[in-house]
Structure formats: structure tokens, C-alpha cells
Amino acid sequence: MPRELFHVILIRPTKYDDDGYPIHWHRTTIPANSLACLNGIVRDCDTRKVLGPDVDLNILSIDEGNTRILPKRLIAHINRNGGRGLVCFTGVQSNQFPRAVDLAHPFLKAGLPVSVGGFHVTGCMAMLPEMPVEMLEAQEHGISFFLGEAEGERFDAVLRDAFEGKLKPVYDHMKDLPSLPGQPKPVVEREQIDRSTLGYGSFDLGRGCPFECSFCCIINVQGRGSRFRSEDDLKAIIRDHAKIGVTKFFVTDDNFARNRNWEAFLDCLIDLRKREKLKFTLIIQVDTLCHKIPNFIEKCVQAGVDQVFIGLENINPDNLAGSKKRQNKITDYREMFLAWKKHPVILTAGYIIGFPNDTRESILRDIDVIKRELPIDILSLSILTPLPGSEDHKNAVKGGIWTDPDLNKYDLTHCVIRHPNFPGDMLDRVYLEAVGRFYSPDHCRTVLRRAAALGSNKKIATMNRLLLYGIGSRLHNVFSLDGGYLRLKYRTDRRPGLPLESPLAFFAKHYWFTARNISIMALQRMRYRRFIKQLWADPGRFDYSDQAIAEIGHKDFETLELYTATRGGKEAVATHRKMESLKRKARSGTAARA
């Protein structure tokens, strides 16, 4: 019997820039984990012969961030090789949804079924009473939605229905989240690694988060209960990547510190390093309380963690309380950061601006406080955004509050509400000003001085991230994690509804901006490398100190603006002192009874 071929095209779509061109890079930063997860799931379907013993799956995995997608070529390829297939847009965020729908149209016209999954469609249906208009319009064109997670053989039905030409409008698995141990592992192909700037692979060890931050959509998509992969899964992931030469990983768990199996996972990684001599490094995401977990930081470092992303979010307690980020205590911040800084670890802090009481002056003042008083290497700034799937978005819809109808702007660098203190696009401009304020050349040199004084061996990695977050994201006006190396644009790919530019105007502008941006980055990189060479050659570099890296003093609460500049800061100190007093009394009472 001749074997039949069924094509499965997996696409992680990009978004449009402010001029309406898809954001492509010669190399992106880190491969998308959602794409890797679905790639592994579909490969498992092929292994199990879900479509029958005589049907083979031809799987093509594409990250549009670093690959131009030409639907006509893909359709022609499918038609030349059996003519049957399924197109899946995976991990689609709200700002990527318009691009995904635009890309879907030519496939639909060619008679190919299209499925869209990810945070936007799942988050909307998890939090809203009815399907939003953009999803209804997409559904009218024939797009199917997959809600929830595809592990646990949930994707089998999608494949079978697509193969039979009977794809359902919705596949709803939101209330039936899968157990993760033994599920297909994320698969990142070597080609995707080669198309990234830093050579990272990505995987998740757990999903879900116990906290209730109102701006977060993860808790309403992945759930507030935690689910985990197994130690055997982790070993297999590391070994499989080692076979293709991948030794750097981004662990995408939203909060690894709340993974109840964190110690077992870290012991497993430590064992792989010692027994099998595997060399690898990790980026993890944690909360501001992680330093209170005994041995957590020490074991992270032993396991190969050399970069940490921390959800700082803000230094004003009133802003934190307003977003239900109650677990963040500014009185813990310096202790937490300094605990990490005992080790050669690059610290990136997520920071949100645009809270209801923010003003330009308060935002810039807080940025200056962070620069002086907290040993943060990289600040990942974003604008408070009511992302579909979050409580903030649900409340805005319920209250009839205006939000920008263009989902392409929901990228954390554009204001999509009418802020009382920032008319028009003022908050967008303040955002860029705040980024420039933190990443001023003087402060970037201060960050490098701190690294040298603390004995860090991450000088080049720190420099590269200062360039990426501080200059690259501003030059291209993209969120820091959406950046890459060498922006690519294609004249004929402009967003539908916008005019096609003349070749002369388009190429003249594009090449001028490209040359300018490369020159700016190259010049600054050269300056930093010269500074680093001089700094690390200076035997007196260990004598440097400042407020941020100084040991915690008993007068910090009275002298540092982190605690004294705002009403909320003063109240936080008073509450902290009250709680410490109660703890001392409780310990004294226990000791007396003993």
C-alpha cells in the first residue's frame, strides 16, 4: 500500500511594527517554548500513528520572528506532495493575533484547515462571558480555536478531524489541564537554535502560579495550581539538547521558586553536571521571596543558574497592592538582590510603569532610586497593560472602560487605555524616556563596575544584555524580549489596509535605518569592550562600592529613598518593624517556656 503524507505546519507568528511591517530578525533571542512543545506533541502523534499506520506526518516548525513566511510557497509545497495538511498557529499572544489571522487567510482560501491556540484565545474564553469580536470574525472565516494545553493526547482529535476535513470551531480543554510527567518533551530543532543570537534552548518544568496578580494572564490560562514534569523528563531534555550541542537554557516556568519539586530538579541538574560531566547554564524566573527558601539560591548556582529574572514589578507599595502583587515587600528587595549577588549571576528585574497614580516625575524618580539603591543589572520595563486573559482586562470589559481595539499594540510598550495622567501617546514616550534613563552610558558603566567589584565572570554577557535591553529595544521600539539581531523588512508584507510603499522610499528608509542602528550598536559595543578591558585589568576594581552593593545597614530604612520617598514606602517599613517585633516576642515566649 502506498503511504499517504499529511503536512502539519506549526507557526509561531510575529507582530507588526508601528509602520505595519512584520517584525523579523536575522536572529531572534530565544526559541519559543510553545512552538517547541507543540513540535514535540505532533512528533509523538506521528510516532503513535494517530492517523493510521499508512499515514506519515510531515512536520514543519517555523518561528516567524526569524523566518519570513510565504503562504503561496507553503501551499504549493503541500499541493506538490499530496495536497493535504493542517496549519497551526501556536502560543499566539494578543499582540500576535492580528498577524496570525492575516497569515491564515491564504491558507483558508487554498482549502487548508487552520487552528489557532495560545494565550489570547484561551485567556479570552477563560475570563470573558462571551467570545470577543475579533475571535468571532476569525471563526466566521473558518479558523478553529484550541483552548487550553495540548498534552495528554488532546491534539489527536484535532489531527483526525483536520485529516477528515471536519475541523471543529472550538476544541475546549480549559477545565481539564493535563498532568505533565511523561508527556512529550519540547523539541527545538538545531536550525532554530542557529537562528537565535545566544544559542539558547527553552523548556518548562512546571506550569501554573499560586499568586493573584491582576495584570497576569498566566494564572488564568495555566491555572493557579502547579503541575510539574518529572526528573526523568528533565534528564531527557538536557541529554537530547546536548546531542545537538545546546548547553544554554531558558526555563520558562513563570516562577521556579514556587515549583514544589525545585530541590529535586536542582539535585538532578547538579548530578548531571557531576556524574555525566554535562556543561550547561540556565536562566530561571523567580519571585522576590525566593531568598527566604533555605538553600534555594545556593543550589540554583550549583545547578548552573547564571541568570535570574525577578518579578520586581514596582518599588511603590501602593502600586503593588493595587495590582494584587501583595507578596512583593520592598523591605525584602535589597536582602534578596544581595543574596543573589554573592554569586556570579546576572539579575534582570521586570518593572511595570503606568499604574493609575504614576506621573512622569514619579516614574523617573523611581528609576533613579533603583539605579542608586538596588543592584539590578538589567531592568526589563513594560507598560501596565490589560492583557486579555487577565483580571484587569476582564474588569475593563465588564466596566465598559475603553481599551484600544488594535490588539497589535498589546505588546507592553504601548499604552492601550486612557490614562488620567498621560494624555495621547505621552506614556509611550515616557516609557522610552525611562528606558533611556536606566540605560544611560554612565549607569551601564556603573553596572559593569559592580560586576567587577563583586568578582563576576559575566562581563561580556552583562554587556550584551545592556546593549540588547538598553539600545536595541529603543532603536526598534520593541519589548526587550521581542528583540533580535539585524531587523529584516519586506516591502510587500505590509499589514492589510496600509498602502504599499514605493520601492525607492521603502528601501532608502530601511537601509538608512539599518545602517544607523548597526553603527550605533557597534560603536557602543566597542566603547563598552574598551571599558571592560581597562576595568578588569585594574587590581583595585574590588575596592569599588556604592549604595546598591553595600551591606545592609541598620539605618537603611531611614536613609534610603526606596523606603522614605513615598507614603507607601514609609508604611511598608512600619509594617515590617511591627512584624519583626511580633516575631521577636514570639521567639522569646517560646524560649521562656522551654
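Residues are numbered from 1 along each chain as its sequence is written, and side-chain values use heavy atoms, with hydrogens and water left out. Because the model is predicted, local features need pLDDT of at least 70 and side-chain atom pairs count only at pLDDT 80 or more, while totals for chains, interfaces and linings use all residues. Helices (H or I, at least four residues) and strands (E, at least two) are DSSP runs, numbered from the N terminus.

Strand E5 spans residues 114–117 and is covered on both faces. Val114 and Val116 are buried on one side, and Ser115 and Gly117 on the other. Buried here means under 20% relative accessible area, exposed means over 50%, and partly exposed lies in between (1.4 Å probe, protein chains only). In a regular strand the side chains alternate between the two faces of the sheet. Strands pair if DSSP finds at least two bridges between them. E5 runs parallel to strand E4 (residues 85–89), with 3 bridges joining them. Valine 87 stands opposite valine 114 in this pairing. E5 also runs parallel to strand E6 (residues 144–147), again through 3 bridges. There, serine 115 has serine 144 as its bridge partner. E4, helix H3 (residues 97–109) and E5 form a right-handed β-α-β unit. Right-handed means that, with the strands pointing away from the viewer, the path from the first strand over the helix to the second runs clockwise.

Helix H9 comprises 13 residues, 231–243. Its end C-alpha atoms are 19 Å apart, which agrees with the 18 Å that it should span at 1.5 Å a residue. The expected span is 1.5 Å times one less than the number of residues. Asp233, Leu234, Ile237, Ile238 and His241 are the buried residues of H9. They cover an arc of only 130° around the axis, so they lie on the same side of H9. The arc is taken from the directions from the helix axis to the C-beta atoms. These buried residues pack against strand E8 (200–203), strand E11 (248–251) and helix H10 (262–275). Contact means heavy atoms within 4.5 Å. Exposed Asp232 and Lys243 sit on the face turned away from the buried side. Just after H9, glycine 245 takes a positive phi of about 80°.

A salt bridge is a side-chain nitrogen of Lys or Arg within 4 Å of a carboxyl oxygen of Asp or Glu. The count comes to 51 salt bridges. Arginine 48 and aspartate 156 meet in one of them, at 2.9 Å from N to O. The pair links distant parts of the chain, 108 residues apart: arginine 48 is in the loop between helix H1 (33–47) and strand E3 (55–63), and aspartate 156 is in helix H6 (residues 156–163). Arginine 48 is partly exposed at 32% relative accessibility. Aspartate 156 is buried, at 4%.

Glutamate 64 forms a salt bridge with arginine 99, with closest N and O atoms 2.6 Å apart. Glutamate 64 lies in the loop between E3 and helix H2 (71–80) and arginine 99 in helix H3, so the pair ties together parts 35 residues apart in sequence. Both residues are buried. A network of salt bridges links Glu149, Glu151, Asp204, Arg207, Arg227 and Arg229.

Proline 539 is in the loop between helix H19 (503–536) and helix H20 (556–559). Proline 539 is exposed, with a relative accessible area of 69%.
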